[in-house]
Amino acid sequence: EREITVEEYYRIAYDIRLQYPQMPLVRVSEREYFPVEFLFQASGPAPKGNSDRKLAFGLGFSDKNACRRRIKSVQALLEDREVIDNLSRKLQLLKMQVDTTPLELQAK
């Protein structure tokens with residue numbers, strides 16, 4: 001048994017190479033975490049179908065340049081103590097919290 005990074009885990013377990021391995025994970029349930037880039041890159045037909053215009057917009061939104069800008073803006077927000085404190089107060093009302101420290105997880 002050895003420790004591995006999230007990047008290594010996804011490469012070994014799923015043959016997925018993360019484009020942004022330095023970005024935080026997003027907790028979606030008690031025991032499920034996903035790389036934040038998955039949330040921005042997921043697209044596909046809706047149950048009733050997406051128009052070509054909507055699909056083009058979705059794909060354009062997640063292009064590499066948009067992702068880089070988004071990463072820089074998220075990193076800047078995470079470094080702004082006032083923003084984090086304000087967000088934390090609001091999330092507490094929903095029984096949620098902001099944690100900017102890396103989380104160590106045990107893979108199955």
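**Salt bridges**

I searched for salt bridges and the count came to two. I did this on a predicted model, not an experimental one. Side chains of opposite charge can pair when their charged atoms come close.

I took the pair Arg27 and Glu30 to begin with. Their closest N and O atoms are 3.3 Å apart, and they form a salt bridge. I then looked up how open each partner is. Arg27 has 48% relative accessibility, so I noted Arg27 as partly exposed. Glu30 has 64% relative accessibility and therefore went down as exposed.

I turned to Asp85 and Arg81. Their side chains meet in a salt bridge, at 3.3 Å from N to O. Where do Asp85 and Arg81 lie? Both are in helix 5, four residues apart, which is about one turn of the helix. Asp85 has a relative accessible area of 31%, so Asp85 is partly exposed.

**Aromatic pairs**

I searched the whole structure for aromatic pairs and found three. The rings of Tyr9 and Tyr10 have centres 5.5 Å apart and planes at 85 degrees, so I logged this pair as edge-to-face. Tyr10 and Tyr14 also pair, with 5.5 Å centre to centre and 40 degrees between the planes. Tyr10 and Tyr14 are about one helical turn apart, because they sit four residues apart in helix 1 (residues 6-14).

I checked the grouping. Tyr9, Tyr10 and Tyr14 form one aromatic cluster. Is Tyr10 buried or exposed? With a relative accessible area of 8%, Tyr10 is buried. Tyr9, at 25% relative accessibility, counts as partly exposed. Tyr14 is also partly exposed, with 48% relative accessibility.

**Glu37**

I went to Glu37 next and placed Glu37 in helix 2 (residues 36-41). I found a relative accessible area of 6%, so Glu37 is buried; the cut-off for buried is under 20%.

What does the side chain of Glu37 reach? I found the backbone nitrogen of Tyr20, at 2.7 Å. I then listed the contacts of Glu37, leaving out residues up to four places away in sequence. Glu37 touches Leu18, Gln19, Tyr20 and Pro21.

**Nonpolar patch**

Leu93, Leu94 and Met96 make one of about 370 Å². I located Met96 in the segment after helix 5 (81-92). Met96 has 45% relative accessibility, so I marked Met96 as partly exposed. Patch residues need over 30% relative accessible area, and Met96 has 45%.

**Whole protein**

I finished with the overall layout. How many helices and strands does the protein have? I counted five helices and two strands. Read along the sequence, the pattern is α-β-β-α-α-α-α.

I looked up burial across the chain. Of the 108 residues of the protein, 15% count as buried. Tyr10 is buried, and Glu37 is buried as well.

The accessible surface comes to about 9,400 Å². Carbon and sulfur atoms hold 53% of that surface.

Terms used
Residues are numbered from 1 along each chain as its sequence is written. This is a predicted model: local features need pLDDT of at least 70, side-chain atom pairs count only at pLDDT 80 or more; totals for chains, interfaces and linings use all residues. Side-chain values use heavy atoms; hydrogens and water are left out. Patches are made of residues with over 30% relative accessible area and no salt bridge: like charges are joined within 9 Å, nonpolar side chains (Val, Leu, Ile, Met, Phe, Trp, Tyr) within 5 Å. Accessible areas come from the Shrake-Rupley method with a 1.4 Å probe; for residues, only the protein chains shown count as cover. A salt bridge is a side-chain nitrogen of Lys or Arg within 4 Å of a carboxyl oxygen of Asp or Glu. Buried means under 20% relative accessible area, exposed over 50%, partly exposed in between (1.4 Å probe, protein chains only). Rings of Phe, Tyr and Trp (its six-membered ring) pair if their centres lie within 6.5 Å; planes under 30 degrees apart count as stacked, over 60 as edge-to-face and the rest as tilted. A polar contact is a pair of N or O atoms within 3.5 Å; within protein, one must be able to donate a hydrogen and the other to accept it, and residues adjacent in sequence count only if both atoms are side-chain atoms. Contact means heavy atoms within 4.5 Å.
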